[in-house]
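Please consider the model below with its sequence at hand. The paragraphs that follow begin with a single residue and then widen to the whole chain.

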Amino acid sequence: MKIAIDRIRALAFGFVFIGVLLGIFDAVRTGALFLSVGTIVIATTKYLRSNRHRKIELILPVGMAALLFVVALTLPHAK
């Protein structure tokens with residue numbers, strides 16, 4: 001299971017990298033969507049791998065990334 005989580009996390013880092021590149025090259029909405037999905041996956045896998053499970057370590061980053069996702073969807077005239 002640890003190897004599967006590592007692969008998923010590496011894929012999530014790829015999503016974050018693609019999101020940053022898309023944001024730089026004028027595709028702000030798509031970049032924000034990739035960035036938020038990657039951040040949610042990274043926060044979730046980090047929470048699953050930790051020994052101490054404090055809910056704030058999961059809720060706060062996932063909530064912020066979910067809000068970024070919602071803002072990206074509601075952007076007017078985004079390219």
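**From one residue to the chain**

T45 counts as buried because its relative accessibility is 5%, where buried means under 20% relative accessible area, exposed means over 50%, and partly exposed lies in between, with a 1.4 Å probe and protein chains only. The model is predicted, so local features need pLDDT of at least 70 and side-chain atom pairs count only at pLDDT 80 or more, while totals for chains, interfaces and linings use all residues. Residues are numbered from 1 along each chain as its sequence is written, and side-chain values use heavy atoms, with hydrogens and water left out.

T45 belongs to helix 2, residues 28–49. Helices here are DSSP runs of H or I with at least four residues, strands are runs of E with at least two, and both are numbered from the N terminus. Apart from neighbours within four places in sequence, T45 is in contact with I5, I8 and R9; contact means heavy atoms within 4.5 Å.

A second residue of helix 2 is S36. What is the relative accessible area of S36? The value is 0%, and S36 is therefore buried. Not counting residues up to four places away in sequence, S36 touches A65, L68 and F69. A polar atom of the S36 side chain also lies 3.0 Å from the backbone oxygen of L33. For reference, a polar contact is a pair of N or O atoms within 3.5 Å; within protein, one atom must be able to donate a hydrogen and the other to accept it, and residues adjacent in sequence count only if both atoms are side-chain atoms.

Attention now turns to helix 1. Helix 1 covers residues 2–24, 23 residues in total, and reaches 33 Å from its first C-alpha to its last, close to the 33 Å expected at 1.5 Å a residue. The expected span is 1.5 Å times one less than the number of residues. Within helix 1, I5, A12, V16 and G19 are buried. Which element do the buried residues of helix 1 pack against? They pack against helix 2. An α-helix has 3.6 residues a turn, so residues three or four places apart point the same way.

A12 lies in helix 1 and, with a relative accessible area of 3%, is buried. Leaving aside neighbours within four places in sequence, A12 is in contact with G38, V41 and I42. The C-alpha atoms of A12 and I40 are separated by 8.5 Å, although the two residues are 28 residues apart along the chain.

V20 is also placed in helix 1, but V20 counts as partly exposed because its relative accessibility is 42%. Helix 1 is followed by D26, which has a positive phi near 75°.

At the level of the whole protein chain, there are 3 helices and 0 strands, and the elements run α-α-α from the N terminus on. The C-alpha atoms fill a box of roughly 45 × 25 × 15 Å along the principal axes. Buried residues make up 19% of the 79 residues. Among contacts with a separation of 6 or more, 58% come from residues 24 or more positions apart.
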